[in-house]
Amino acid sequence: MSTSTTQLPQLNPNRWKALMLLGFANFLVMMDSAIIQVALPAIKNSLGYSEANLQWVMNAFLLLFGGLLLLGGRLSDLFGRRLIFMLGVLILTIASLIAGLAWNQESLNIARGIQGAGSALIAPAALSIIMLLFKGNKEEMGKALAVWGLSGAAGGSIGIVLGGMITQLFGWRWTLLIYVPLGLLVLFLSFRILDKGNRKKGKIDYAGAITVTAALMLLVFGIVNAQETGWQNLSTILILSIAGVLLITFISIQAKRKQPLMPLGIFKTRNLSAGNISLILLAVSWFPLVYFLILYLQQVLKFEPFAAAMGMLPAPILMAIFMIAVAERIMNKLGMKLTMAIGFILLGISSLLLSGNSVGGDYWGDVFVPILLAALGNALAYLPATTASVAEASDEQSGLASGLYNTSYQIGSAVGLAVMVSIAASVTATSSGSEEMVLNHGYQEAFFWGAMIAFLGAILALVLVRSLKDKS
(Lines give C-alpha, C1' and ligand atoms only; values in the text may rest on other atoms or scores of the structure.)
Protein backbone atom coordinates (compact mmCIF):
# COMPACT_ATOMS: atom_id res chain seq x y z
CA MET A 1 0.00 0.00 0.00
CA SER A 2 2.59 2.54 1.05
CA THR A 3 4.82 1.70 -1.89
CA SER A 4 2.04 2.24 -4.43
CA THR A 5 0.92 5.50 -2.87
CA THR A 6 4.43 6.91 -3.03
CA GLN A 7 4.78 5.93 -6.68
CA LEU A 8 1.51 7.36 -7.96
CA PRO A 9 2.40 11.08 -7.58
CA GLN A 10 5.57 10.49 -9.61
CA LEU A 11 3.61 9.38 -12.66
CA ASN A 12 2.83 12.14 -15.13
CA PRO A 13 -0.96 12.64 -15.34
CA ASN A 14 -0.63 13.33 -19.08
CA ARG A 15 1.39 10.19 -19.75
CA TRP A 16 -1.34 8.39 -21.71
CA LYS A 17 -2.04 11.44 -23.85
CA ALA A 18 1.69 11.80 -24.42
CA LEU A 19 1.89 8.11 -25.34
CA MET A 20 -0.84 8.52 -27.95
CA LEU A 21 0.91 11.56 -29.43
CA LEU A 22 4.35 9.95 -29.47
CA GLY A 23 2.92 6.71 -30.82
CA PHE A 24 1.24 8.66 -33.62
CA ALA A 25 4.54 10.37 -34.42
CA ASN A 26 6.25 6.97 -34.53
CA PHE A 27 3.44 5.76 -36.77
CA LEU A 28 4.18 8.63 -39.18
CA VAL A 29 7.91 7.91 -39.14
CA MET A 30 7.47 4.23 -39.92
CA MET A 31 4.76 4.95 -42.46
CA ASP A 32 7.11 7.31 -44.29
CA SER A 33 9.37 4.44 -45.31
CA ALA A 34 6.44 2.44 -46.69
CA ILE A 35 3.73 4.77 -47.98
CA ILE A 36 5.29 5.32 -51.40
CA GLN A 37 6.15 1.68 -52.11
CA VAL A 38 2.98 1.12 -54.12
CA ALA A 39 3.52 4.53 -55.76
CA LEU A 40 6.99 3.69 -57.09
CA PRO A 41 5.83 2.81 -60.64
CA ALA A 42 3.97 6.14 -60.86
CA ILE A 43 7.03 8.03 -59.55
CA LYS A 44 9.20 6.23 -62.10
CA ASN A 45 6.99 7.33 -64.98
CA SER A 46 6.59 10.86 -63.66
CA LEU A 47 10.25 11.71 -62.99
CA GLY A 48 11.94 9.34 -65.42
CA TYR A 49 13.69 6.98 -63.00
CA SER A 50 15.39 3.86 -64.32
CA GLU A 51 14.78 0.47 -62.70
CA ALA A 52 18.20 0.63 -61.04
CA ASN A 53 17.80 4.16 -59.66
CA LEU A 54 14.20 3.82 -58.48
CA GLN A 55 15.18 2.06 -55.26
CA TRP A 56 16.89 5.24 -54.01
CA VAL A 57 13.49 6.77 -53.39
CA MET A 58 13.32 4.36 -50.46
CA ASN A 59 16.99 3.91 -49.67
CA ALA A 60 17.66 7.65 -49.33
CA PHE A 61 15.14 7.72 -46.47
CA LEU A 62 16.18 4.46 -44.83
CA LEU A 63 19.90 5.18 -44.88
CA LEU A 64 19.76 8.70 -43.45
CA PHE A 65 17.17 7.56 -40.93
CA GLY A 66 19.18 4.56 -39.75
CA GLY A 67 22.56 6.26 -40.02
CA LEU A 68 21.65 9.29 -37.89
CA LEU A 69 19.54 7.63 -35.21
CA LEU A 70 22.44 7.32 -32.77
CA LEU A 71 23.15 11.02 -33.16
CA GLY A 72 19.45 11.74 -32.64
CA GLY A 73 19.46 9.77 -29.40
CA ARG A 74 22.55 11.62 -28.16
CA LEU A 75 21.09 15.01 -29.05
CA SER A 76 17.86 14.19 -27.22
CA ASP A 77 19.83 13.28 -24.08
CA LEU A 78 21.80 16.55 -24.17
CA PHE A 79 19.41 19.21 -25.46
CA GLY A 80 16.08 17.98 -24.10
CA ARG A 81 13.85 15.32 -25.56
CA ARG A 82 10.88 17.54 -26.42
CA LEU A 83 13.08 20.07 -28.24
CA ILE A 84 14.77 17.43 -30.41
CA PHE A 85 11.45 15.65 -31.00
CA MET A 86 9.80 18.83 -32.24
CA LEU A 87 12.82 19.81 -34.34
CA GLY A 88 12.61 16.42 -36.04
CA VAL A 89 8.90 16.85 -36.73
CA LEU A 90 9.54 20.30 -38.22
CA ILE A 91 12.30 18.95 -40.51
CA LEU A 92 10.09 16.03 -41.59
CA THR A 93 7.21 18.38 -42.38
CA ILE A 94 9.28 20.79 -44.50
CA ALA A 95 11.06 17.94 -46.31
CA SER A 96 7.70 16.30 -47.07
CA LEU A 97 6.49 19.50 -48.71
CA ILE A 98 9.62 19.65 -50.89
CA ALA A 99 9.36 15.94 -51.76
CA GLY A 100 5.71 16.28 -52.72
CA LEU A 101 6.60 19.15 -55.05
CA ALA A 102 9.77 17.45 -56.40
CA TRP A 103 10.64 18.51 -59.97
CA ASN A 104 13.27 15.86 -60.78
CA GLN A 105 14.95 12.75 -59.40
CA GLU A 106 17.64 14.59 -57.49
CA SER A 107 15.20 16.87 -55.67
CA LEU A 108 13.07 13.90 -54.60
CA ASN A 109 16.06 11.84 -53.46
CA ILE A 110 17.49 14.73 -51.43
CA ALA A 111 14.11 15.52 -49.87
CA ARG A 112 13.62 11.85 -48.98
CA GLY A 113 17.03 11.86 -47.31
CA ILE A 114 16.10 14.95 -45.29
CA GLN A 115 12.87 13.23 -44.28
CA GLY A 116 15.02 10.40 -42.95
CA ALA A 117 17.22 12.85 -41.04
CA GLY A 118 14.16 14.42 -39.40
CA SER A 119 12.81 11.00 -38.50
CA ALA A 120 16.17 10.14 -36.93
CA LEU A 121 15.53 12.92 -34.40
CA ILE A 122 11.90 11.97 -33.77
CA ALA A 123 12.13 8.25 -33.05
CA PRO A 124 14.76 8.07 -30.27
CA ALA A 125 13.48 11.21 -28.54
CA ALA A 126 9.92 9.88 -28.55
CA LEU A 127 10.83 6.43 -27.18
CA SER A 128 13.08 8.01 -24.55
CA ILE A 129 10.18 10.19 -23.35
CA ILE A 130 7.95 7.12 -23.10
CA MET A 131 10.54 5.21 -21.09
CA LEU A 132 10.79 8.07 -18.59
CA LEU A 133 7.03 8.62 -18.38
CA PHE A 134 6.23 5.01 -17.50
CA LYS A 135 9.34 4.02 -15.59
CA GLY A 136 7.53 4.03 -12.25
CA ASN A 137 5.10 1.23 -13.15
CA LYS A 138 6.24 -2.01 -14.78
CA GLU A 139 2.73 -3.06 -15.79
CA GLU A 140 2.07 0.28 -17.50
CA MET A 141 5.53 0.12 -19.10
CA GLY A 142 4.57 -3.16 -20.77
CA LYS A 143 1.38 -1.65 -22.15
CA ALA A 144 3.23 1.47 -23.30
CA LEU A 145 5.86 -0.58 -25.15
CA ALA A 146 3.09 -2.65 -26.74
CA VAL A 147 1.45 0.54 -28.02
CA TRP A 148 4.83 1.78 -29.26
CA GLY A 149 5.54 -1.47 -31.06
CA LEU A 150 2.07 -1.48 -32.57
CA SER A 151 2.42 2.11 -33.79
CA GLY A 152 5.64 1.31 -35.62
CA ALA A 153 4.53 -2.00 -37.08
CA ALA A 154 1.15 -0.62 -38.13
CA GLY A 155 2.78 2.47 -39.63
CA GLY A 156 4.86 0.35 -41.97
CA SER A 157 1.92 -1.77 -43.08
CA ILE A 158 -0.83 0.85 -43.17
CA GLY A 159 1.57 3.09 -45.12
CA ILE A 160 1.45 0.57 -47.93
CA VAL A 161 -2.34 0.49 -47.88
CA LEU A 162 -2.65 4.28 -47.80
CA GLY A 163 -0.01 4.55 -50.50
CA GLY A 164 -2.07 2.43 -52.85
CA MET A 165 -5.29 4.28 -52.11
CA ILE A 166 -3.78 7.77 -52.36
CA THR A 167 -1.79 6.99 -55.51
CA GLN A 168 -4.82 5.67 -57.37
CA LEU A 169 -7.22 8.38 -56.16
CA PHE A 170 -5.07 11.53 -55.93
CA GLY A 171 -1.63 10.81 -57.41
CA TRP A 172 1.75 9.86 -55.91
CA ARG A 173 2.65 13.36 -54.72
CA TRP A 174 -0.02 13.23 -52.03
CA THR A 175 1.67 10.25 -50.41
CA LEU A 176 4.26 12.84 -49.35
CA LEU A 177 2.20 16.02 -49.04
CA ILE A 178 -0.10 14.32 -46.50
CA TYR A 179 2.69 14.73 -43.93
CA VAL A 180 2.45 18.52 -43.97
CA PRO A 181 -0.89 18.91 -42.11
CA LEU A 182 -0.19 15.87 -39.93
CA GLY A 183 3.23 17.22 -38.96
CA LEU A 184 1.79 20.60 -38.05
CA LEU A 185 -0.82 18.88 -35.88
CA VAL A 186 1.88 16.95 -33.97
CA LEU A 187 3.86 20.17 -33.42
CA PHE A 188 0.79 21.94 -32.02
CA LEU A 189 -0.08 19.11 -29.63
CA SER A 190 3.54 18.73 -28.48
CA PHE A 191 3.48 22.17 -26.89
CA ARG A 192 0.32 21.28 -24.97
CA ILE A 193 1.08 17.72 -23.86
CA LEU A 194 4.83 17.11 -23.58
CA ASP A 195 6.98 18.41 -20.74
CA LYS A 196 9.83 20.68 -21.73
CA GLY A 197 12.52 18.51 -20.13
CA ASN A 198 16.03 19.44 -19.02
CA ARG A 199 19.23 20.14 -20.91
CA LYS A 200 22.48 18.44 -19.90
CA LYS A 201 26.12 19.29 -20.46
CA GLY A 202 28.14 17.12 -22.77
CA LYS A 203 29.91 16.88 -26.10
CA ILE A 204 28.63 15.54 -29.40
CA ASP A 205 30.67 12.97 -31.25
CA TYR A 206 30.33 14.33 -34.78
CA ALA A 207 33.23 12.23 -36.08
CA GLY A 208 31.48 9.10 -34.90
CA ALA A 209 28.20 10.18 -36.47
CA ILE A 210 29.86 10.90 -39.83
CA THR A 211 31.85 7.66 -39.99
CA VAL A 212 29.00 5.33 -38.99
CA THR A 213 26.53 7.02 -41.35
CA ALA A 214 29.00 6.92 -44.25
CA ALA A 215 29.83 3.27 -43.48
CA LEU A 216 26.18 2.23 -43.52
CA MET A 217 25.42 4.16 -46.68
CA LEU A 218 28.41 2.66 -48.51
CA LEU A 219 27.49 -0.82 -47.28
CA VAL A 220 24.03 -0.62 -48.84
CA PHE A 221 25.38 1.14 -51.94
CA GLY A 222 27.92 -1.65 -52.34
CA ILE A 223 25.19 -4.29 -52.16
CA VAL A 224 23.07 -2.37 -54.67
CA ASN A 225 26.10 -1.91 -56.95
CA ALA A 226 26.74 -5.67 -56.85
CA GLN A 227 23.36 -6.25 -58.50
CA GLU A 228 24.58 -4.44 -61.60
CA THR A 229 28.32 -5.21 -61.72
CA GLY A 230 28.67 -8.43 -59.74
CA TRP A 231 30.17 -9.23 -56.32
CA GLN A 232 33.65 -9.79 -57.73
CA ASN A 233 33.74 -6.51 -59.62
CA LEU A 234 36.48 -4.12 -58.47
CA SER A 235 34.04 -1.27 -57.79
CA THR A 236 31.88 -3.47 -55.54
CA ILE A 237 34.90 -4.76 -53.62
CA LEU A 238 36.29 -1.24 -53.23
CA ILE A 239 33.00 0.21 -51.98
CA LEU A 240 32.43 -2.58 -49.46
CA SER A 241 36.07 -2.37 -48.32
CA ILE A 242 35.77 1.36 -47.65
CA ALA A 243 32.54 0.69 -45.73
CA GLY A 244 34.40 -1.87 -43.61
CA VAL A 245 37.28 0.51 -42.91
CA LEU A 246 34.86 3.26 -41.89
CA LEU A 247 33.01 0.89 -39.60
CA ILE A 248 36.27 -0.13 -37.90
CA THR A 249 37.19 3.56 -37.64
CA PHE A 250 33.85 4.27 -35.97
CA ILE A 251 34.42 1.52 -33.39
CA SER A 252 37.93 2.84 -32.74
CA ILE A 253 36.60 6.37 -32.21
CA GLN A 254 33.97 5.08 -29.79
CA ALA A 255 36.58 3.19 -27.77
CA LYS A 256 38.82 6.27 -27.39
CA ARG A 257 36.33 9.12 -26.86
CA LYS A 258 35.38 10.18 -23.35
CA GLN A 259 31.86 11.01 -24.54
CA PRO A 260 31.32 8.77 -27.57
CA LEU A 261 28.23 8.63 -29.72
CA MET A 262 27.78 4.98 -28.77
CA PRO A 263 29.56 3.94 -25.57
CA LEU A 264 30.62 0.37 -26.26
CA GLY A 265 30.01 -0.49 -22.62
CA ILE A 266 26.26 -0.37 -23.23
CA PHE A 267 26.57 -3.75 -24.96
CA LYS A 268 27.63 -5.34 -21.68
CA THR A 269 23.91 -5.49 -20.92
CA ARG A 270 23.18 -8.92 -22.34
CA ASN A 271 19.51 -8.44 -23.21
CA LEU A 272 20.17 -5.07 -24.83
CA SER A 273 22.69 -6.67 -27.18
CA ALA A 274 20.46 -9.68 -27.85
CA GLY A 275 17.45 -7.42 -28.43
CA ASN A 276 19.25 -5.34 -31.04
CA ILE A 277 20.54 -8.42 -32.87
CA SER A 278 16.99 -9.79 -32.85
CA LEU A 279 15.60 -6.52 -34.23
CA ILE A 280 18.09 -6.61 -37.13
CA LEU A 281 17.07 -10.16 -38.02
CA LEU A 282 13.38 -9.33 -37.59
CA ALA A 283 13.71 -6.38 -39.96
CA VAL A 284 15.57 -8.53 -42.51
CA SER A 285 12.77 -11.10 -42.29
CA TRP A 286 9.78 -8.75 -42.27
CA PHE A 287 10.52 -5.70 -44.43
CA PRO A 288 11.51 -7.59 -47.63
CA LEU A 289 8.54 -9.93 -47.10
CA VAL A 290 6.14 -6.99 -47.35
CA TYR A 291 8.10 -5.46 -50.23
CA PHE A 292 8.07 -8.60 -52.38
CA LEU A 293 4.52 -9.50 -51.45
CA ILE A 294 3.33 -6.18 -52.89
CA LEU A 295 5.30 -6.85 -56.06
CA TYR A 296 3.86 -10.37 -56.26
CA LEU A 297 0.33 -9.00 -56.04
CA GLN A 298 0.90 -6.33 -58.71
CA GLN A 299 3.37 -7.88 -61.13
CA VAL A 300 2.48 -11.58 -60.92
CA LEU A 301 -1.19 -11.71 -59.92
CA LYS A 302 -1.79 -8.40 -61.80
CA PHE A 303 -3.62 -6.53 -59.02
CA GLU A 304 -4.18 -2.79 -59.53
CA PRO A 305 -2.49 -0.51 -56.94
CA PHE A 306 -5.73 -0.02 -54.98
CA ALA A 307 -6.52 -3.75 -55.04
CA ALA A 308 -2.97 -4.58 -53.96
CA ALA A 309 -3.30 -2.10 -51.10
CA MET A 310 -6.55 -3.72 -50.01
CA GLY A 311 -4.87 -7.11 -50.27
CA MET A 312 -2.30 -5.96 -47.71
CA LEU A 313 -4.93 -4.46 -45.36
CA PRO A 314 -5.22 -7.63 -43.21
CA ALA A 315 -1.57 -7.26 -42.16
CA PRO A 316 -1.91 -4.08 -40.02
CA ILE A 317 -5.33 -5.11 -38.71
CA LEU A 318 -4.12 -8.51 -37.59
CA MET A 319 -0.91 -7.02 -36.22
CA ALA A 320 -2.91 -4.55 -34.13
CA ILE A 321 -4.98 -7.35 -32.67
CA PHE A 322 -2.02 -9.61 -32.00
CA MET A 323 0.20 -6.86 -30.57
CA ILE A 324 -2.38 -5.65 -28.05
CA ALA A 325 -4.41 -8.77 -27.24
CA VAL A 326 -1.90 -11.60 -27.63
CA ALA A 327 1.79 -10.62 -27.55
CA GLU A 328 1.90 -9.03 -24.10
CA ARG A 329 -0.05 -11.88 -22.48
CA ILE A 330 2.13 -14.54 -24.03
CA MET A 331 5.30 -12.68 -23.06
CA ASN A 332 4.09 -12.34 -19.46
CA LYS A 333 3.41 -16.08 -19.36
CA LEU A 334 6.33 -17.52 -21.33
CA GLY A 335 8.95 -14.78 -20.98
CA MET A 336 10.84 -12.85 -23.64
CA LYS A 337 12.99 -15.76 -24.83
CA LEU A 338 10.24 -18.23 -25.79
CA THR A 339 7.85 -15.56 -27.05
CA MET A 340 10.47 -14.15 -29.39
CA ALA A 341 11.51 -17.59 -30.64
CA ILE A 342 7.91 -18.57 -31.38
CA GLY A 343 7.40 -15.30 -33.25
CA PHE A 344 10.46 -15.88 -35.44
CA ILE A 345 9.36 -19.45 -36.20
CA LEU A 346 5.89 -18.34 -37.30
CA LEU A 347 7.43 -15.61 -39.46
CA GLY A 348 9.76 -18.18 -41.02
CA ILE A 349 6.87 -20.55 -41.78
CA SER A 350 5.01 -17.68 -43.43
CA SER A 351 7.98 -16.91 -45.68
CA LEU A 352 8.36 -20.59 -46.58
CA LEU A 353 4.72 -20.72 -47.64
CA LEU A 354 5.21 -17.63 -49.80
CA SER A 355 8.31 -19.19 -51.39
CA GLY A 356 6.01 -21.80 -52.93
CA ASN A 357 3.63 -19.31 -54.57
CA SER A 358 2.93 -19.79 -58.27
CA VAL A 359 2.01 -17.53 -61.17
CA GLY A 360 -1.58 -18.74 -61.01
CA GLY A 361 -1.79 -18.30 -57.26
CA ASP A 362 -4.94 -17.69 -55.24
CA TYR A 363 -5.11 -14.72 -52.88
CA TRP A 364 -6.83 -16.44 -49.97
CA GLY A 365 -4.66 -19.53 -49.99
CA ASP A 366 -1.33 -18.12 -51.21
CA VAL A 367 -1.37 -14.64 -49.65
CA PHE A 368 -3.89 -14.30 -46.82
CA VAL A 369 -2.80 -17.35 -44.82
CA PRO A 370 0.90 -16.32 -44.88
CA ILE A 371 -0.10 -12.76 -43.94
CA LEU A 372 -1.97 -14.15 -40.94
CA LEU A 373 1.05 -16.12 -39.76
CA ALA A 374 3.49 -13.28 -40.52
CA ALA A 375 1.43 -10.73 -38.57
CA LEU A 376 1.25 -13.01 -35.54
CA GLY A 377 4.94 -13.89 -35.78
CA ASN A 378 5.99 -10.26 -36.16
CA ALA A 379 3.92 -9.20 -33.14
CA LEU A 380 5.31 -12.00 -30.95
CA ALA A 381 8.92 -11.28 -31.93
CA TYR A 382 8.74 -7.48 -32.00
CA LEU A 383 7.46 -6.81 -28.48
CA PRO A 384 10.08 -8.88 -26.57
CA ALA A 385 12.86 -7.67 -28.89
CA THR A 386 11.88 -4.06 -28.17
CA THR A 387 11.61 -4.74 -24.44
CA ALA A 388 15.02 -6.40 -24.35
CA SER A 389 16.57 -3.49 -26.27
CA VAL A 390 15.47 -0.64 -24.03
CA ALA A 391 14.00 -1.81 -20.72
CA GLU A 392 17.29 -2.14 -18.80
CA ALA A 393 18.92 1.09 -19.98
CA SER A 394 19.67 3.74 -17.35
CA ASP A 395 18.03 7.18 -17.42
CA GLU A 396 21.25 8.70 -18.76
CA GLN A 397 21.40 6.21 -21.63
CA SER A 398 17.68 5.99 -22.46
CA GLY A 399 18.09 8.18 -25.53
CA LEU A 400 21.11 6.15 -26.66
CA ALA A 401 19.25 2.86 -26.19
CA SER A 402 16.27 4.24 -28.11
CA GLY A 403 18.47 5.41 -30.96
CA LEU A 404 20.33 2.11 -31.06
CA TYR A 405 17.08 0.14 -31.09
CA ASN A 406 15.71 2.16 -34.01
CA THR A 407 19.07 2.06 -35.81
CA SER A 408 19.10 -1.73 -35.64
CA TYR A 409 15.63 -2.01 -37.13
CA GLN A 410 16.07 0.55 -39.90
CA ILE A 411 19.52 -0.60 -40.95
CA GLY A 412 18.25 -4.16 -40.86
CA SER A 413 15.43 -3.07 -43.19
CA ALA A 414 17.76 -1.26 -45.61
CA VAL A 415 20.48 -3.91 -45.71
CA GLY A 416 17.95 -6.74 -45.71
CA LEU A 417 16.05 -5.23 -48.62
CA ALA A 418 19.24 -4.64 -50.59
CA VAL A 419 20.39 -8.24 -50.03
CA MET A 420 17.01 -9.81 -50.85
CA VAL A 421 16.58 -7.66 -53.96
CA SER A 422 20.06 -8.76 -55.04
CA ILE A 423 19.14 -12.42 -54.51
CA ALA A 424 15.89 -12.03 -56.43
CA ALA A 425 17.64 -10.18 -59.26
CA SER A 426 20.30 -12.87 -59.64
CA VAL A 427 17.65 -15.61 -59.94
CA THR A 428 15.55 -13.54 -62.33
CA ALA A 429 18.54 -12.93 -64.60
CA THR A 430 19.07 -16.68 -65.08
CA SER A 431 15.39 -17.70 -65.36
CA SER A 432 13.39 -18.29 -68.51
CA GLY A 433 9.70 -18.20 -69.36
CA SER A 434 7.06 -15.48 -69.26
CA GLU A 435 7.69 -12.21 -67.46
CA GLU A 436 5.46 -13.29 -64.60
CA MET A 437 7.28 -16.62 -64.23
CA VAL A 438 10.70 -15.00 -64.29
CA LEU A 439 9.74 -12.43 -61.66
CA ASN A 440 8.06 -15.05 -59.49
CA HIS A 441 11.19 -17.20 -59.46
CA GLY A 442 13.12 -14.28 -57.99
CA TYR A 443 10.43 -13.57 -55.41
CA GLN A 444 10.36 -17.24 -54.38
CA GLU A 445 14.09 -17.22 -53.70
CA ALA A 446 13.86 -13.99 -51.67
CA PHE A 447 11.02 -15.42 -49.56
CA PHE A 448 13.01 -18.61 -48.96
CA TRP A 449 16.08 -16.80 -47.64
CA GLY A 450 13.84 -14.54 -45.57
CA ALA A 451 12.56 -17.71 -43.92
CA MET A 452 16.11 -18.88 -43.20
CA ILE A 453 16.91 -15.55 -41.52
CA ALA A 454 13.76 -15.83 -39.39
CA PHE A 455 14.68 -19.35 -38.25
CA LEU A 456 18.16 -18.07 -37.40
CA GLY A 457 16.49 -15.38 -35.30
CA ALA A 458 14.59 -18.06 -33.36
CA ILE A 459 17.80 -19.94 -32.60
CA LEU A 460 19.64 -16.83 -31.44
CA ALA A 461 16.68 -15.79 -29.27
CA LEU A 462 16.84 -19.11 -27.43
CA VAL A 463 20.61 -18.84 -27.02
CA LEU A 464 21.11 -15.15 -26.21
CA VAL A 465 17.96 -13.74 -24.54
CA ARG A 466 17.33 -14.04 -20.83
CA SER A 467 13.76 -13.58 -19.63
CA LEU A 468 13.42 -11.16 -16.73
CA LYS A 469 12.10 -13.89 -14.49
CA ASP A 470 15.32 -15.83 -15.14
CA LYS A 471 17.50 -13.01 -13.81
CA SER A 472 16.58 -12.90 -10.18
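This is a predicted model: local features need pLDDT of at least 70, side-chain atom pairs count only at pLDDT 80 or more; totals for chains, interfaces and linings use all residues.

Analyst: One term before the details. Buried means under 20% relative accessible area, exposed means over 50%, and partly exposed is in between, with a 1.4 Å probe and protein chains only. Helices (H or I, at least four residues) and strands (E, at least two) are DSSP runs, numbered from the N terminus.

User: Fine. Which residues of H10 are buried?

Analyst: Tyr179, Val180, Gly183, Val186, Leu187, Ser190 and Ile193. They pack against helix H2 (15-32), helix H6 (81-100) and helix H9 (174-177). Contact here means heavy atoms within 4.5 Å.

User: What's the reach of H10 from its first C-alpha to its last?

Analyst: Helix H10 (residues 179-193) has 15 residues and reaches 20 Å, close to the 21 Å expected at 1.5 Å a residue. The expected span is 1.5 Å times one less than the number of residues.

User: On to cavities. How many are there of 30 Å³ or more?

Analyst: Five, from a search of the whole structure. A cavity is a set of points on a 1 Å grid over the protein atoms alone where a 1.4 Å probe fits but cannot get out; lining residues have an atom within 4 Å of a point. Grid points are joined across faces, edges and corners, and a volume is the space filled by probe spheres set on the points.

User: How much space lies in the largest cavity?

Analyst: About 170 Å³. Its lining has 17 residues, with Gly152, Gly156, Trp286, Phe287 and Tyr409 nearest the centre.

User: Which helices supply at least two residues of that lining?

Analyst: Helix H8 (138-170), helix H13 (270-300), helix H16 (363-390) and helix H17 (398-429). H8 has the largest share, five residues.

User: And what's the lining like by class?

Analyst: Nine nonpolar, eight polar and no charged. Ala, Val, Leu, Ile, Met, Phe, Trp, Tyr, Cys and Pro count as nonpolar, Asp, Glu, Lys and Arg as charged, and the others, Gly among them, as polar.

User: What lines the second largest cavity?

Analyst: Leu40, Gln55, Met58, Asn59, Tyr291, Leu417, Ala418 and Val421. The volume of this cavity is about 70 Å³. H17 gives the most to its lining, three residues. By class, that lining has six nonpolar, two polar and no charged residues.

User: Now the largest nonpolar core. Which residues touch the most other members?

Analyst: Ile43, Phe85, Leu108, Phe292 and Met312, out of 153 residues. H13 supplies the largest share of this core, 19 residues. A nonpolar core is a set of buried Ala, Val, Leu, Ile, Met, Phe, Trp, Tyr and Cys residues joined through side-chain atoms within 4.5 Å.

User: What is Phe292 in contact with?

Analyst: Leaving aside neighbours within four places in sequence, Phe292 contacts Met420, Val421, Ala424, Tyr443, Ala446 and Phe447.

User: Switching topic. Is Ala95 buried or exposed?

Analyst: Ala95 counts as buried because its relative accessibility is 2%. Ala95 sits in helix H6. Beyond four places in sequence, Ala95 contacts Ala111, Ile114 and Gln115.

User: Last one: where is Lys302 found?

Analyst: In the loop between H13 and helix H14 (305-312). Phi of Lys302 is near 65 degrees, a positive value in a residue other than glycine. Lys302 counts as partly exposed, at 48% relative accessibility.

Note on methods:
Residues are numbered from 1 along each chain as its sequence is written. Side-chain values use heavy atoms; hydrogens and water are left out. On a 1 Å grid over the protein atoms alone, a cavity is a set of points where a 1.4 Å probe fits but cannot get out, and a pocket is an open set with protein on both sides within 12 Å along at least five of seven lines; lining residues have an atom within 4 Å of a point.
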